[in-house]
Amino acid sequence: MVGMQVGTQNTAVPWAALDHTALGLPATTDLPSPQALDALVHAAAGVAYLKWFEYQLAAAMHAELVEPFEDEDRRELDAFTRCAATIATTMSITQGAARTLLTDAVALRDRLPLVAECLRDGVVTPHHIRTIVSRTELVEGQCYAALVDADIARALRRAGSWSPARMEAMVDTMVDRRDPDAVRARREKAKRNREFTVEIGRDGLATATDTRPAEDIVALHASVTRLAAQVCPKDTRSKAARASDAHYALITQTGFGCNCDRPITDCRYKSVDVEKFAANSPRILIHLVTDTTTLTGPVPAPENERVCRSPQHLPRPDLAVDTSASVTTEPSAAEPVASEPAAAETVAPETVAQGTVATEPVASETAAAPSVSPDRVDVSADRDAAASDAAVDHTRGCEEPVGLDFVDGVGFLPGIGIISGAHVRDLAADPHTVIRPLGDGTDTPLPATQPSNPYRPSAALDAYVRARDLFCTWPGCNRPARDGDLDHITEYDHTHPEKGGRTSATGLGAKCRFHHLLKTFADFVDDQYPDPTDPSRLIRTIAIPDGRTVLGPAFTGHDVHPGLDAIVFGDPPDTPTPRRATPGLTERRRPAPRTEQKHARRRQERNRNRFRRVIPPDNTPPPF
């Protein structure tokens, strides 16, 4: 086989022959783990830059080969198809992959130039770009598209980590708050077009697709997962295969059972009566978090938000304006709408799986907040931008109306993500939905712990932490906070409660079971403390075993539900739990149990990390 260089001149140099030092890479990959991690981080930024460069080249090809003809090209194999085929053939990729590359490149160039700069600078990774491009397609051609681009770019440049689920939630929040009318229209159209389809596959298998409202699918998934768990540890199927069998059993009302090779007398899961199981199972709760103002409906948008003001658009012909300023100086959101400081624990349809997989909305349990803010990405930056914009309002940007006459809130549905305010109100109107306000709308602090046990958080604090964190707070994790554990960041000292972590909003964080166990039993040390510049928000860090510190999530429930800032909790009780008397021992005793000593070492490490970052140390005293 003969290789051939692409292009008119054979000037390409193999990457392996390039000077690694000039690229900032080590000369060898045989490195100690701390240096290997440094190189990995640098290489990831390099991959992001190369992907940006690839998009730039694809966009240049589109400008040369497609744009001059796209308005009048009616050929079946039009200019776009031929350009994509050229890329696909050269790079040995599928036609679909080449079309996606071209589409994303044009979107980054025309619709999301500031997001493209984030990719160039290594702020966002390439695998997040497809999410951002696909979830902003509906703002294409809209006058406020540049504002959505600025909103997303500003969020990406905030310090912190991103998981795919947090990225989706952030992008959906930005789009929904800029385009509430279109979101509502799309939802109504989608409801009318729901369908059930079957596609015959290979080897005698087929795929069924049921398109239904998000809350129905969440309830169905919970029912299937619950039934699929009714097997013993010796079941040989994968979790996905068990779920498929459980789904079929629920639909057809046939039996479901464990497929282990043990006799029925040794395995009580050999045969599960689906109808009896559904009748005896607890009801399925679907928790939805929203603001109280979202329940009352959209509110009029401020006047200065009803026109575009984007400096990316041409200025009015009668004014000579310098449009080279960065869009980041523009206000990307309306000012928060004032309302009474109340928080609501809101709607969650609940499903009863009895015989069928029909869903019945019943109850909800979550936290929510008062004021609706179209964007909480950077409050101080927004205010400064708004002040700057007010000063030059008469000379900046275009004056086209953006159609944003009303500002609406959103809701967060665990397992699904962001849903529109209209969707929230549909669920709230269901007679089986229970709306639980979090707090009474006053400044009275809510209880932080259960009266009988200072270790256990109160129901209000539990709902608040899960609404605030949205997902597991470990970097990169997608598991919803509602499905995880509440972890004491500083380990709770059951023997001496006054010395251990406190059960408070600052002291608790949501973690999935895996990362909770990893923090507890491995050498990872997490920390969490109020942001000195904005005490209502938290800074989270994870110290990995080699000492490197990784920042926690950049996008939290405060960005979705600004009213969470108004919820306060009282201090946990200072009265320690009486210590049990221990009988006299003749064996020599340790100064403290192993667990207590481990927790003390972790508290000391957190304090050392905080001193290095000029952050006040944990106020819990060490045991020695």
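Q: Where is Ser92 placed in this predicted model?
A: In this predicted model, Ser92 belongs to the loop between helix H2 (79-91) and helix H3 (95-110).

Q: Why is Ser92 called exposed?
A: Ser92 has a relative accessible area of 67%. Exposed requires a value over 50%, and Ser92 is therefore classed as exposed.

Q: What is the phi of Ser92?
A: Although Ser92 is not a glycine, its phi is positive, at about 55 degrees.

Q: Which other loop contains a residue with positive phi, Leu470?
A: Leu470 sits in the loop between helix H15 (459-469) and strand E12 (485-488). Its phi is near 65 degrees, a positive value in a residue other than glycine.

Q: Why is Leu470 called buried?
A: The relative accessible area of Leu470 is 2%. Buried means under 20%, so Leu470 counts as buried.

Q: What makes Gly509 a buried residue?
A: Gly509 has 0% relative accessibility. The limit for buried is under 20%; Gly509 is therefore buried. This glycine lies in strand E13 (residues 508-511).

Q: Which residues are in contact with Gly509, leaving aside its neighbours within four places in sequence?
A: With contact taken as heavy atoms within 4.5 Å, Gly509 touches Val465, Arg468, Asp469, Asp485, Leu486, Asp487, Ile489 and Gln528.

Q: What separates the C-alpha atoms of Gly509 and His488?
A: The two residues are 21 residues apart along the chain, and their C-alpha atoms are separated by 6.7 Å.

Conventions
Residues are numbered from 1 along each chain as its sequence is written. This is a predicted model: local features need pLDDT of at least 70, side-chain atom pairs count only at pLDDT 80 or more; totals for chains, interfaces and linings use all residues. Side-chain values use heavy atoms; hydrogens and water are left out. Helices (H or I, at least four residues) and strands (E, at least two) are DSSP runs, numbered from the N terminus. Buried means under 20% relative accessible area, exposed over 50%, partly exposed in between (1.4 Å probe, protein chains only).
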